[in-house]
Amino acid sequence: MKGFLKSCLCLLLAFALLPLAACRMEDGRGYLIYYEDDAVPVTLDPLLAASHSERTVVQNLFEPLLTLNDEGEPQPGAADYTRSADGLTLTFTLKPGGGWSDGEALTADDYKFALERALDPATKAPCAAGLTAIAGAPAALAGKAAPAAVTGLAAPDDQTLIIRCTAADDGLPVALAGAAGMPCRRDFFAHCGGFYGMEKDHVISNGPFRLTRWSQDPTDSQVRLVKNEHARLAGEVVPAGVHMTFDSTTERVDRVTTEQIDCATLPGELFSAARAAGLHTLQCYSDCYTLLMNPEGEAPTANAALRQALAGAVAADLAGQVLPDYCEAATSLMTPGRQTGGQRYQSAGLPAASEAQNRAAFESARSELPEGSLDSLTLLYVESQAVRPALDWLAQCWQKQFGLYVTLTPVTVDQLTAAVKGRTF
């Protein structure tokens, strides 16, 4: 059971504060695990899976070319690989024993076709942005060339996939450890006639599990996965299968405690209740809340001195005292393990400034800005039980140090996105 938890939760990487999972501490060998999540999957196409439950299922159905270790570094998955000295050519050799859940052999062309689909603008695959270093990929994504004609992709035989790039990109192997590196078989995709990944009979897999039940009926929503005997990893699979149900989080901790279910994904606000019940918990980073100041136009925060004063006044150690126990105050400007373009970043920490320095920066901003423009500030935010206590503290902090009146205004995600894009915040 422990092995399954690691497998099904490895995609919950994301970026910083909330959920966790709970499970009985048993070996789980040969056991059908009952696992509860929030929303029944709508698609199990790896290139389109977006919700937590969709990605959880997909991660257990498919084995990608590469995987990521605990440090976020690419490692061989379904294939071993080499990289040329100039970093422009990646050669993958499939490991023996790989097969599809319908008994057909897994081939390099299955991975090539998946990449062609990802580079087809009609697919609208989010992972396509990580594939632009592949020779011919930008033209395909722009609709100027057929994805099947991308010059950077080749499968000279059933075991070999070659990817050629126009520039070295350390982010490409990371992308191939996710949806972009999960296979798709040409003949099966064509057989599905536009419904690939949308219902049980239109899903085959090469990973540790196969799909045997998928009901999207609101009154009986469920997914069942059983061991995929044709998979390369079949001998390493511990449980016999996983039965997933989907319900509200109300009384979810009680359902785990009374063993109605074995495992569950829980929102952060249930963390304390899960620990109090003595459940085994695995906490994951999932959300990161960032203070964004408008640096353009007529907004007061376009003034660099004001931004310096406001940022310097935020003491991370004090913020930590007002956060719920399932949240952590950031200790740096970069979230743990953050990678961009394959590069791992380390932060020197949050900017340090004395109260006197913050006050001097604020007074400098006041002298440079029109009179009255610093009487108040409006802070937009998306409603959250986790973030509101920190925002209340932040407003008090600025009011105490600078005499600023801060209006906290809740908005929807769409409204916030529009404000940021239009620089109207």
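**View 1. Strands β7 and β8 run antiparallel and are joined by three bridges.** The model is predicted; local features need pLDDT of at least 70, side-chain atom pairs count only at pLDDT 80 or more, and totals for chains, interfaces and linings use all residues. Residues are numbered from 1 along each chain as its sequence is written, and side-chain values use heavy atoms, without hydrogens or water. β8 covers residues 160-164. Strands (E, at least two residues) and helices (H or I, at least four) are DSSP runs, numbered from the N terminus. Two strands pair if DSSP finds at least two bridges between them. Leu153 stands opposite Ile163 in β8.

**View 2. An open sheet of four strands has the order β5-β6-β8-β7.** Pairing is antiparallel. β5 (79-83) and β7 (153-157) are the edge strands; each has a single partner, so one side of each lacks a neighbour in the sheet. The twist averages 20 degrees from one strand to the next. Axes are lines fitted to C-alpha atoms, for helices over the stretch in contact; angles run from 0 to 180 degrees between N-to-C directions.

**View 3. Helix α3 (residues 108-118) packs on the sheet.** The helix touches β6 (89-94), β7 and β8. Contact means heavy atoms within 4.5 Å. The direction of α3 makes about 165 degrees with that of β7.

**View 4. The largest nonpolar core holds 59 residues.** Such a core is a set of buried Ala, Val, Leu, Ile, Met, Phe, Trp, Tyr and Cys residues joined through side-chain atoms within 4.5 Å. Buried means under 20% relative accessible area (1.4 Å probe, protein chains only). Phe92, Leu131 and Ile163 touch the most other members. α3 gives the most to this core, six residues.

How values were computed:
Buried means under 20% relative accessible area, exposed over 50%, partly exposed in between (1.4 Å probe, protein chains only).
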